[in-house]
Amino acid sequence: MNEPQNTRLANQGTNPPAKKELRDQIAAMLPEVQKALASKEVADRFIRHIITTVNTNPDLLKCTPASFFGSMMMAATLSLMANVANECWLIPYKDNKTNTTVCQFMIGYKGYVKMFYRSALAKGCWHGYITE
């Protein structure tokens with residue numbers, strides 16, 4: 001059957017993939033990532049960052065494929081690099097209701113600043129520490 005890649009990944013249910021299998025699936029998502037990002041070079045760099053993120057945080061291997069690839073595509077759509085300069089993170093959480101591990105996408109403060117400066121309305125942004 002010739003179904004789209006993202007449909008196949010979403011239909012895999014809650015079984016977490018092995019590390020090599022996940023790397024292959026991430027690499028297979030390159031055309032979708034290229035659609036979300038500006039160029040092939042940026043998409044290749046994004047994929048390398050995602051693979052490095054999985055290598056440094058093995059708990060991501062336990063995540064459901066749908067939640068992992070959904071979080072990955074959210075980062076690509078917003079043009080934020082995961083675990084780079086506090087732009088965004090892919091964080092595995094244990095869901096006790098379904099007894100699975102899910103991946104959640106979180107934007108870091110530098111990601112918010114980066115998105116702010118992309119706006120045509122942006123004039124300036126101050127960000128820093130506030131202490132007493």
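Predicted model: local features only at pLDDT ≥ 70, side-chain atom pairs only at ≥ 80, totals over all residues.

Mentor: Residues are numbered from 1 along each chain as its sequence is written, and side-chain values use heavy atoms, with hydrogens and water left out.

Trainee: Which elements does the chain have, and in what order do they run from the N terminus?

Mentor: The secondary structure comes to six helices and two strands, in the order α-α-α-α-α-β-β-α. Here helices (H or I, at least four residues) and strands (E, at least two) are DSSP runs, numbered from the N terminus.

Trainee: What makes the pair K20 and D24 a salt bridge?

Mentor: The term asks for a side-chain nitrogen of Lys or Arg within 4 Å of a carboxyl oxygen of Asp or Glu. The closest N and O atoms of K20 and D24 are 3.7 Å apart, so the pair meets that limit. Both residues lie in helix α2 (residues 19-28), four residues apart, which is about one turn of the helix.

Trainee: Why is K20 called exposed, and what is D24 called?

Mentor: Buried means under 20% relative accessible area, exposed over 50%, and partly exposed in between, using a 1.4 Å probe and protein chains only. K20 has a relative accessible area of 59%, and is therefore exposed, whereas D24, with 44%, is partly exposed.

Trainee: How many salt bridges does a search of the whole structure find?

Mentor: The search finds five salt bridges. Among them is the one between the side chains of D59 and K62, at 3.3 Å from N to O, and D59 counts as partly exposed because its relative accessibility is 36%.

Trainee: How do you know that E87 and K114 form a salt bridge, and where in the chain do they lie?

Mentor: Their closest N and O atoms are 3.3 Å apart, so the salt bridge is assigned. This pair links distant parts of the chain, with E87 in the loop between α5 (65-77) and β1 (88-95) and K114 in helix α6 (residues 109-118), 27 residues apart. E87 counts as buried because its relative accessibility is 12%, whereas K114, at 30%, is partly exposed.

Trainee: What makes β1 and strand β2 a pair?

Mentor: Two strands pair if DSSP finds at least two bridges between them. As one example, the bridge partner of Y93 is V102 in β2.

Trainee: What lies between the two strands?

Mentor: β1 and β2 form a hairpin with four residues between them. N99, in the turn, has a positive phi of about 55° although it is not a glycine, and N99 counts as exposed because its relative accessibility is 58%. S79 in the loop between α5 and β1 also has a positive phi, near 55°, but S79 counts as partly exposed, at 26% relative accessibility.

Trainee: Why are α2 and α5 called oblique to each other?

Mentor: Axes are lines fitted to C-alpha atoms, for helices over the stretch in contact, and angles run from 0 to 180 degrees between N-to-C directions. Angles under 35 degrees count as roughly parallel, over 145 as roughly antiparallel, 65 to 115 as roughly perpendicular and the rest as oblique. α2 and α5 pack at an angle of about 40°, with their axes 12 Å apart, and are therefore oblique. The contact (heavy atoms within 4.5 Å) is made by L22, Q25 and I26 of α2 and F68, F69 and M72 of α5.

Trainee: What makes helix α4 oblique to α5?

Mentor: The axes of α4 (residues 40-56) and α5 come within 11 Å and cross at roughly 140°, which means that α4 is oblique to α5. F46, I50 and V54 of α4 make the contact with F68, M72, A75 and A76 of α5.
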